[in-house]
Amino acid sequence: MLTVPAGAAETAEAGASDTAAAAAGPNFKAPYPCGQRWTYSHHSAEVRRALDFVRADGGTTNGTPALASAAGTATRHSQPSGAGNYISIDHGGGWKTYYFHLGSYSVASGQFVNQGQQIGTTGSSGNSSGPHLHYEQLLNGVGQNIVINGGGLPYPGSYNQHYLTSDNGCGGGGGTSFMTWGTGVSVRADARLDAAIITRLAGPTNVHVLCQKQGDTVNAEGYTNNWWSKLRDQGGFMSNIYIDHPAAQLPGVPIC
């Protein structure tokens, strides 16, 4: 829950989405990285149609990247007594989105951002009881029922009733293509050496990486790497040390 920032909205009216207007709006995606599963809730005391998101996939909410749900011009704000560090994105046509309680900013005010671009990190700044991402969609200053990928989300009164897995930043439906090296490379359920093995790559394989994150450190052939890739087709994580690319953190691949 939070205090509505002065000047952050032109009205405090909680409005339901207008069907015709919503149809003309951006194709909003989840405001967090590809492949992540979050749960969400709505506080009845909120004056606009906000949803609060927290991770529900075993990952840590605090510090997870917050992503632009659609392209637009970002503006940084701060309200220590309410929304904390937050960003608004103007998408044009009267549409804006808000991302409250950020731990840090990743873009400058006035910067144009693409859909899926990191704009900050999830945190608990301002009037917040714990790390979460407070997210809003507004049309002409009026809060709208949140729509992701063309479908409206429910408004549960508590977490762990509804969940949403992100496809934001995944690329054209398939992730980024890389070749692997080595034989018998393990693909695990998580970025940990003690995580269950889902499958093994028999030899060099073309894989599609959806996202990447840091995990256990792996050593091989004189190299060390603690970054892991989430593979689209294998459904698990593989150490980046086995990706045939010189960078430990793969370029152009979002953070999980």
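The following legends describe close-up views of a predicted model. Local features require pLDDT of at least 70 and side-chain atom pairs pLDDT 80 or more, whereas totals for chains, interfaces and linings use all residues. Residues are numbered from 1 along each chain as its sequence is written, and side-chain values use heavy atoms, with hydrogens and water left out.

View 1. A nonpolar core is a set of buried Ala, Val, Leu, Ile, Met, Phe, Trp, Tyr and Cys residues joined through side-chain atoms within 4.5 Å; buried means under 20% relative accessible area, exposed over 50%, and partly exposed in between (1.4 Å probe, protein chains only). Strands are DSSP runs of E with at least two residues, numbered from the N terminus.

**View 2. The surroundings of Tyr-99.** Residues up to four places away in sequence are not counted here.

**View 3. Trp-181 in its loop.** Trp-181 lies between strand S14 (176–179) and strand S15 (185–188). Because its relative accessibility is 27%, Trp-181 counts as partly exposed. Beyond its neighbours within four places in sequence, Trp-181 is in contact with Ala-220, Glu-221, Ile-241, Tyr-242, Ile-243 and Asp-244. Its side chain reaches the backbone oxygen of Ile-241 at 2.7 Å. Trp-181 and Ala-202, 21 residues apart in sequence, are separated by 9.8 Å from C-alpha to C-alpha.

**View 4. The second largest pocket.** Trp-181 also belongs to the lining of this pocket, along with residues including Tyr-223, Asn-240, Ile-241, Ile-243, Asp-244 and His-245. The pocket has a volume of about 210 Å³, the space filled by probe spheres set on grid points joined across faces, edges and corners. On a 1 Å grid over the protein atoms alone, a pocket is an open set of points where a 1.4 Å probe fits, with protein on both sides within 12 Å along at least five of seven lines; lining residues have an atom within 4 Å of a point.

**View 5. The largest pocket.** Its volume is about 260 Å³. Of its 17 lining residues, Arg-55, Thr-60, Lys-213, Gln-214 and Cys-256 lie nearest its centre. Strand S17 (residues 206–220) gives the most to this lining, with three residues.

Conventions:
Contact = heavy atoms within 4.5 Å. Helix = DSSP H or I, 4+ residues; strand = E, 2+ residues; numbered from the N terminus. Polar contact = N/O pair within 3.5 Å; in protein donor to acceptor, adjacent residues only side chain to side chain.
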